[in-house]
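Biologist: Hi! Could you walk me through this one while I have it open?

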Amino acid sequence: MENEYKTALVTGASSGIGRAVAKQLASAGYRLVLVARREERLQALVKEFEPKTRCHILTCDLRESEAVRCALDGLPPDFRTIDVLVNNAGLAAGTEPAQNAEWNDWEEMISTNCMGLSNITHALLPGMVERNRGHVINIGSVAGTYAYRGGNAYGATKAFVEHFARGLKADLLGTAVRVSTIAPGMVGDCEFSLVRYRGDAEKAEAVYTDLEPLDPSAIAECVAWCVSRPAHVNILHMEVMATCQAPGGLSVSKTA
Ligand SMILES: NC(=O)c1ccc[n+]([C@@H]2O[C@H](COP(=O)([O-])OP(=O)(O)OC[C@H]3O[C@@H](n4cnc5c(N)ncnc54)[C@H](OP(=O)(O)O)[C@@H]3O)[C@@H](O)[C@H]2O)c1
């Protein structure tokens with residue numbers, strides 16, 4: 001295996017893109033730490049992977065910084081050296097225009113997509129630098145670059161993810177630690193829309209009718225490709241859209 005990476009930690013491994021990333025890294029020979037709140041989902045994944053892939057489950061809410069740090073401190077010795085951190089856990093909540101948005105939705109997105117991601121990165125980055133080995137991969141979104149109606153706080157959290165990675169890259173200059181952000185467009189076969197529409201399955205499914213979105217495996221392949229580049233190659237940003245999607249143009253409101 002290239003780069004001597006052995007152990008990967010994947011957040012949000014219980015569903016969608018995170019689960020696909022875990023599968024891809026398992027087949028590439030990684031030992032895995034799987035993180036999410038729904039333990040039974042992670043257990044099912046472990047059953048799928050073992051005995052070929054060694055796994056450890058961390059059931060925690062990434063918004064709870066102390067709990068996350070305790071969980072990381074309690075990792076068994078074999079799983080303590082994290083070489084690849086895949087910051088995937090995240091969500092969009094609501095599609096209302098900013099002026100009608102629920103504060104709780106903004107709070108949940110900011111505390112998960114920004115604070116949760118920062119928290120685990122802050123905990124694991126010093127070890128990577130000390131060992132002079134590691135790769136932080138963030139799952140951003142095209143929403144972090146292209147604004148769309150109803151994307152307000154979600155897009156802003158993903159712009160944070162993108163720029164945070166660029167800041168890390170600047171700080172990590174001179175070390176062998178690499179940083180990548182993969183920014184997907186529309187991905188199906190995830191719970192993303194169901195969460196965004198607060199459990200309304202009809203609305204969630206309607207998003208994907210009459211079109212072919214990306215599969216989670218397409219993003220997982222990008223992750224696997226980034227980590228398997230030779231050690232001197234750092235893919236900083238990848239934007240991946242379904243062929244049926246494109247960034248919208250600017251809008252103008254004319255007076256009647
Ligand atoms: N699907 C898309 O169209 C799309 C497009 C661009 C970017 N993305 C990004 O891709 C990432 C993965 O989303 P997905 O599409 O795969 O959605 P998903 O199927 O809903 O998966 C989200 C994952 O995040 C975990 N998670 C959410 N909040 C968490 C918390 N507080 N603590 C721990 N884990 C938490 C969930 O696990 P538990 O609920 O078990 O905790 C789940 O495993 C997100 O960052 C999303 O913004 C998705």
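**Sheet, helices and ligand shell**

Modeller: Happy to. Start with the open sheet: its seven strands are ordered 3-2-1-4-5-6-7 and pair in parallel. Strands here are DSSP E runs of at least two residues, helices are H or I runs of at least four, and both are numbered from the N terminus. Two strands count as paired if DSSP finds at least two bridges between them.

Biologist: Which strands are at the edge?

Modeller: Strand 3 (55-59) and strand 7 (237-240), each of which pairs on one side only. From one strand to the next, the twist averages 15°.

Biologist: Before we go on, what kind of model is it?

Modeller: This is a predicted model, where local features need pLDDT of at least 70 and side-chain atom pairs count only at pLDDT 80 or more, while totals for chains, interfaces and linings use all residues. Residue numbers start from 1 along each chain as its sequence is written.

Biologist: Thanks. How many bridges join strand 1 to strand 4?

Modeller: Three, between residues 7-11 of strand 1 and residues 84-87 of strand 4, and the two run parallel. As an example, Ala8 has Val84 of strand 4 as its bridge partner.

Biologist: And where does helix 2 lie?

Modeller: Helix 2 (residues 39-49) lies across strand 2 (31-36) and strand 3, at about 175° to strand 3. Angles run from 0 to 180 degrees between N-to-C directions, and axes are lines fitted to C-alpha atoms, for helices over the stretch in contact. Contact means C-beta atoms, placed from the backbone, within 7 Å.

Biologist: At what angle do helix 3 and helix 4 pack?

Modeller: About 35°, with the axes of helix 3 (residues 65-73) and helix 4 10 Å apart. Ser65, Val68, Arg69 and Leu72 of helix 3 make the contact with Asn119, Ile120 and Ala123 of helix 4.

Biologist: Switching to the ligand, which residues come nearest?

Modeller: Gly12, Gly16, Arg37, Gly90 and Cys190, out of the 29 residues around the ligand. A residue is near if its C-beta atom, placed from the backbone, lies within 6 Å of the molecule.

Biologist: Which helix gives the most to that shell?

Modeller: Helix 1, with three residues. Helix 1 (16-27), helix 4 (103-131) and helix 6 (192-196) each supply at least two.

Definitions and conventions
Two residues are in contact if their C-beta atoms, placed from the backbone, lie within 7 Å.
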